[in-house]
Amino acid sequence: MHDGGSREIGWFLRGGIEADCVLTVELHAHSARSYDGRDPVEMLLEQAAAVGLDAIAVTDHDAFDASQRAVELAPEFDLIGIPGMEVTSAAGHVLALGIDRKIPKGLPFSETLDAIHEAGGIAVVPHPFQKSRSGVAPNISRAALASADAIEVYNSRLLTGRANRKARAFAEKHGLPQTAGSDAHIAEMVGQAITAVDANSHTAAGIVDAIRAGKTTVEGHRTPWHISFRQAAGGAKRRVKNRLASLF
Ligand SMILES: [Zn+2]
Ligand SMILES: [Zn+2]
């Protein structure tokens, strides 16, 4: 263990030197299984690998099967797959990470958290202060929001940054673990927002445990990532298309 997690990530971003204990993770990405997603999980995995991530959670809206498939396929891409989904609770969106079953939609916020915990997972609240995108904050008490396991304090699809700043301030005030998520709905967006996780084991369970313990650093909009993913995106897409073509 080192105490310089962010320093190691800096090295990683600048020179591609992989850190021993800090994993770079995409925790919020949608596949074509989401009503508003476009790309198959293979393309999300290919992009995650191309930008040098260690792990990814595919988190479709109220669907779990594509995420399970991503977990199965992830080792082929040298990735750790984290089983997850974005649950539409009665109050709004809740990310469920590390779950072993599908979480039903439409439950009250607290029951959604209970269901996620019963499924062995953690509840991370994405874009809590973005009402137009089903953020939960307008519909629940601050105490209820603080009962989440973690808050997504950086969502790369929020344009103004104001809602992200509010989320970060809330997490800091309540001492809650912080995560980032690209909220990618197309493969090219995967890796736009990264959570660096200081995990004890390089497994989905190790990552989930470390998030629960708050051993995270949020890495959003870092220029080197943008450059690297733009360069990699075209090639990654072609490779996936070739791979898909070879399957049929
Ligand atoms: Zn959402
Ligand atoms: Zn989402």
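How many helices and strands are there in the chain? There are 8 helices and 9 strands in the chain, where helices (H or I, at least four residues) and strands (E, at least two) are DSSP runs, numbered from the N terminus. The model is predicted, and local features need pLDDT of at least 70, side-chain atom pairs count only at pLDDT 80 or more, while totals for chains, interfaces and linings use all residues. Residues are numbered from 1 along each chain as its sequence is written, and chains are lettered from A and ligands numbered from 1 in the order in which they are written.

**Burial and core**

Of the 248 residues in the chain, 52% are buried. A residue is buried if 20 or more other C-beta atoms lie within 10 Å of its own, exposed if 12 or fewer, and partly exposed in between, with C-beta atoms placed from the backbone. The largest nonpolar core has 75 residues, and L44, I56, A96 and I207 have the most contacts inside it. Such a core is a set of buried Ala, Val, Leu, Ile, Met, Phe, Trp, Tyr and Cys residues joined through C-beta atoms within 7 Å. Its largest share, 7 residues, comes from helix α2 (residues 41-50). In soluble globular proteins, nonpolar side chains tend to be buried together.

**Helix α2**

Helix α2 is largely enclosed by the rest of the structure, because 10 of its 10 residues are buried. After α2 comes G52, whose phi is positive, near 85 degrees.

The axes of α2 and helix α3 (residues 65-73) come within 10 Å and cross at roughly 50 degrees. Axes are lines fitted to C-alpha atoms, for helices over the stretch in contact, and angles run from 0 to 180 degrees between N-to-C directions.

| Helix | Residues making the contact |
|---|---|
| α2 | V41, E42, L44 and L45 |
| α3 | A66, R69, A70 and L73 |

E26 lies in strand β1 (residues 22-29). This residue is buried, with 30 other C-beta atoms within 10 Å. The C-alpha atoms of E26 and G181 are separated by 6.1 Å, although the two residues are 155 residues apart along the chain. Leaving aside neighbours within four places in sequence, E26 is in contact (C-beta atoms, placed from the backbone, within 7 Å) with residues including A48, L53 and I56.

Terms used: Two residues are in contact if their C-beta atoms, placed from the backbone, lie within 7 Å.
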